[in-house]
Amino acid sequence: DAGSVEKGGLVSGLALVNTAGRILDAETEAKETAELGGLSMAEATATGGLPRFSSPPNSVLFAFSRLLFAYLQPRIQEICKSVYPADPSQVDERLASDILRDSRDPGALNVMTSGAKLPPPRTLNELFAAYGGPILVLQGLEDPLNDAKSRADGMGRIGAKVAPLAAGHCPHDEKPEEVGRLLEEFAAAS
């Protein structure tokens with residue numbers, strides 16, 4: 001989380017669970033830095049040095065979001081079970097109904113469309129380097145939403161201690177005792 005990186009001495013360790021964000025290999029990182037005139041994404045953002053960005057029109061974004069929600073809403077329980085491969089029993093009627101309720105919130109479409117309007121985010125390479133402290137990544141290796149093994153390897157390559165877990169997208173739900181133990185050990189060592 002970018003806010004944690006900026007806190008400097010106030011944070012003694014950073015623990016992430018199936019974290020999002022781009023991880024670049026050294027060649028791609030060097031190319032992107034060169035495209036920004038040698039600046040980091042944070043520096044380019046602060047100095048107005050980002051390339052011009054144009055998002056699709058709002059009508060297109062809202063139409064896409066409505067179609068996506070129409071497709072996903074009737075499948076919530078099925079989709080949730082697929083992201084909990086180690087313990088699908090964690091997906092109960094309450095979880096599915098809570099997600100459905102939230103997806104019907106009047107602001108939900110705005111949340112979906114806002115991601116397409118933002119400038120490129122800082123990479124995990126940049127965030128991890130800026131933080132410079134100990135980082136633990138709890139990674140569910142059975143997460144069907146990404147190539148979890150490659151993500152775990154990439155985060156290890158850029159400085160995180162990776163704890164691979166036999167779990168899906170929400171390892172804290174599927175393996176709460178193991179996740180708790182790993183967090184306690186990390187906190188004690190940080």
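Let me start with a term: buried means under 20% relative accessible area, exposed means over 50%, and partly exposed is in between, with a 1.4 Å probe and protein chains only. This is a predicted model, where local features need pLDDT of at least 70, side-chain atom pairs count only at pLDDT 80 or more, and totals for chains, interfaces and linings use all residues. Residues are numbered from 1 along each chain as its sequence is written, and side-chain values use heavy atoms, with hydrogens and water left out.

Glu 178, then. Its relative accessible area is 29%, so Glu 178 is partly exposed. The residue sits in helix α11, residues 176–189. Helices here are DSSP runs of H or I, at least four residues, and strands are runs of E, at least two, numbered from the N terminus. Val 91 is 87 residues away from Glu 178 along the chain, and their C-alpha atoms are 19 Å apart.

Next, α9, residues 148–157. Ala 148, Arg 151, Ala 152, Gly 154 and Met 155 are buried there. Down the axis, the buried residues of α9 fall within an arc of 165°, so they line one face. That arc uses directions from the helix axis to the C-beta atoms. In general, an α-helix has 3.6 residues a turn, so residues three or four places apart point the same way. What covers the buried residues of α9? The cover includes α8 (124–131), β2 (135–140) and β3 (161–165), by contact, meaning heavy atoms within 4.5 Å. Just after α9, Gly 159 has a positive phi of about 115°.

Last, α2, residues 26–35. Of its 10 residues, 0 are buried, so α2 lies largely in the open. Gly 37 follows α2, with a positive phi near 70°.
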